[in-house]
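Then we can walk through it together, one piece at a time.

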Amino acid sequence: MPVQTAAPRIEVRPAATTPTATSKAKVAVRNLDFFYGRTQALHDISIEIPERIVMAFIGPSGCGKSTFLRTLNRMNDVIPHTRVGGHVSIDDHDIYAPGTDVVELRRRVGMVFQKSNPFPKSIFDNVAYGLRINRVTSSSSELEGRVEQALKDAALWTEVKDRLKTSALSLSGGQQQRLCIARALAIRPEVLLMDEPASALDPIATSKIEELIFDLKKQYTIVIVTHNMQQAARVSDRTAFFLLGKLIEVNATEKIFTAPDEKTTEDYITGRFG
Amino acid sequence: MDTHRHLDDELSSLRDRVLLLGGEAEQALERAMYALSERDSEVAQQVLDHDDRVDHLEVEIDRQCIDIIALRQPAARDLRFVISVAKMAPVLERIADHACNIARAAIDLNNEPELKSVLDLSRMAEHALHMLRSALDSFTTGDAVAAREIIKSDSAINDLYNHTFHRLIELMVTEPATATRDARLLFVAKHLERIGDYVTDICELTVYMAEAAFIKHT
């Protein structure tokens, strides 16, 4: 009877199955520094965010991840005594170049905040708001169609279609957050920035937001800041770890959560940081 | 208590438990081979009686791994450790099962006249035991280099099994009266050869735990 002998063993590592930094970059950041007055909050950040993926930013409080998120649509411009250096490009166009239309930039790069902030208006008017002020639509039927589509994209339509004229403030916290996402989607941005979008929501509402993020990445490039590492693991394709204003590591999410390259990253995600 | 200190304690407890299971498997094999070589059926029966303890330990480890994953949500090296332990525990339990099968063969053989020689079985058993001990050591220290060396050494057990197999077949032909006993020894040899394979699985898990590298089936 022939007996099997040990075959030569070749070591392999799993190939990343998610889009990598070598995919077409929707957002490219090079050597970005950011200052609040004399305090440098971001140090020499370089990163590429491929198109139509979910990129998660993780890191301890104060590490600069939200500040960095806001540099991607120049939301920091409204904060006095701030200064930015380096380059941020979207589709190869430097968004900090002189003459950049910041309003147009923020139409292309939408944002959803930690705390839902619906206007004290009807559900319909909240979603229609951006379309009206940007004069995006020419007819009321087109406006209604765009509002309906945005609410459908935000997975809210079936819950509100019969009460579009009621106040947005009557919605639950999770519904208000999805309404804000619908408001952002109505003007058809290319990139969606989400700053801890589910941190104030219960697990069911959080799950809906996460499912929504999963669906939205088919159409949008999504960047999410989250303190919830399991959330980053669940929703993102790539994860970037920030610490003390520096980008420590960016990698495929499965790599970050199973075998990160940097010890500091590993210490943080295993709870041994500091 | 810090959350990570709590997790560290649980991981440490899990490590202790899997090493305890490894020690049980090692002892079962050692005692089964002693029962065979010294024709001591009492010791063989002790191995069989002790197997419940091994099964119980495996279930405890399973539960502990599930609890840690569900409640602590480990990541990176912690996750790799828990996954490795969860996959290693059944392997160690199967090694103990093979030891039980050897103990059963010993009881059967001890009821029959003694064979002149057990050929290379003692050498095979020593090699398997050495591999198992070294594999548990390399797991404890997370030494992937040592684990890879142990994997290579499995070929020695395969060679010994080959040799034993052919020698026993010859004996069955030349001395048909001992064929039944030879067949029992052949099964013992096969159990030892399988234990070598299981130790290889343990070492592959150690490499995964230490380096996040998948070397199984390659």
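Predicted model: local features only at pLDDT ≥ 70, side-chain atom pairs only at ≥ 80, totals over all residues.

Let us begin with chain B. It has 6 helices and 0 strands, so its elements, read from the N terminus, run α-α-α-α-α-α. The C-alpha trace of chain B spans about 70 × 35 × 20 Å along its principal axes. Of the 218 residues in this chain, 45% count as buried. If you take the contacts in chain B with a separation of 6 or more, 82% of them come from residues 24 or more positions apart.

Now find helix H5 of chain B, residues 144-174. How far apart should the ends of its 31 residues be? At 1.5 Å a residue, H5(B) should span 45 Å, and its end C-alpha atoms are 46 Å apart, which agrees. Several residues of H5(B) are buried, among them Ala147(B), Ile150(B), Ile151(B) and Asp154(B). Further along the list of buried residues come others, including Leu168(B) and Leu171(B). The buried residues of this helix pack against helix H4 (121-141) and helix H6 (179-211) of chain B.

Why does Ala147(B) count as buried? There are 28 C-beta neighbours inside 10 Å of Ala147(B), and a residue needs 20 or more to be called buried. Leaving aside residues up to four places away in sequence, Ala147(B) touches Ala135(B), Ser138(B), Cys203(B), Thr206(B) and Val207(B). By contrast, Val47(B) is 100 residues from Ala147(B) in sequence and 28 Å from it in space, C-alpha to C-alpha.

Next, move over to chain A and its helix H4, residues 140-153. The buried residues here are Arg146(A), Val147(A), Ala150(A), Leu151(A) and Asp153(A). Seen down the axis of H4(A), they fall within an arc of 160°, so they line one face of the helix. The buried residues pack against helices H3 (123-133), H5 (157-160), H6 (173-186) and H7 (203-216) of chain A. Just after H4(A), Ala155(A) takes a positive phi of about 55°.

Chain A also has sheets to explore. In one open sheet, 4 strands lie in the order E2-E1-E4-E5, with antiparallel pairing. Strands E2 (39-50) and E5 (93-94) stand at the edges with a single partner strand each, so one side of each has no neighbour in the sheet. E5(A) pairs with strand E4 (residues 82-90) over 2 bridges, and Ser89(A) has Asp94(A) as its bridge partner in E5(A).

Another open sheet of chain A holds 6 strands in the order E6-E7-E8-E3-E9-E10, and its pairing is mixed. Neighbouring strands of this sheet are turned by 20° against each other on average, direction ignored. E6(A) and strand E7 (residues 191-195) run parallel and are joined by 4 bridges; in E7(A), Leu192(A) is the bridge partner of Gly110(A). Finally, H6(A) packs on the sheet and touches E6 and E7 of chain A, its direction making about 170° with that of E6(A).

Key:
Residues numbered from 1 in each chain as written. Chains lettered and ligands numbered in written order. Expected span 1.5 Å × (residues − 1). Buried ≥ 20, exposed ≤ 12 C-beta atoms within 10 Å, placed from the backbone. Arc of directions from axis to C-beta. Contact = placed C-beta atoms within 7 Å. Pairing = 2+ DSSP bridges. Axes fitted to C-alpha atoms, helices over the stretch in contact; angles between N-to-C directions.
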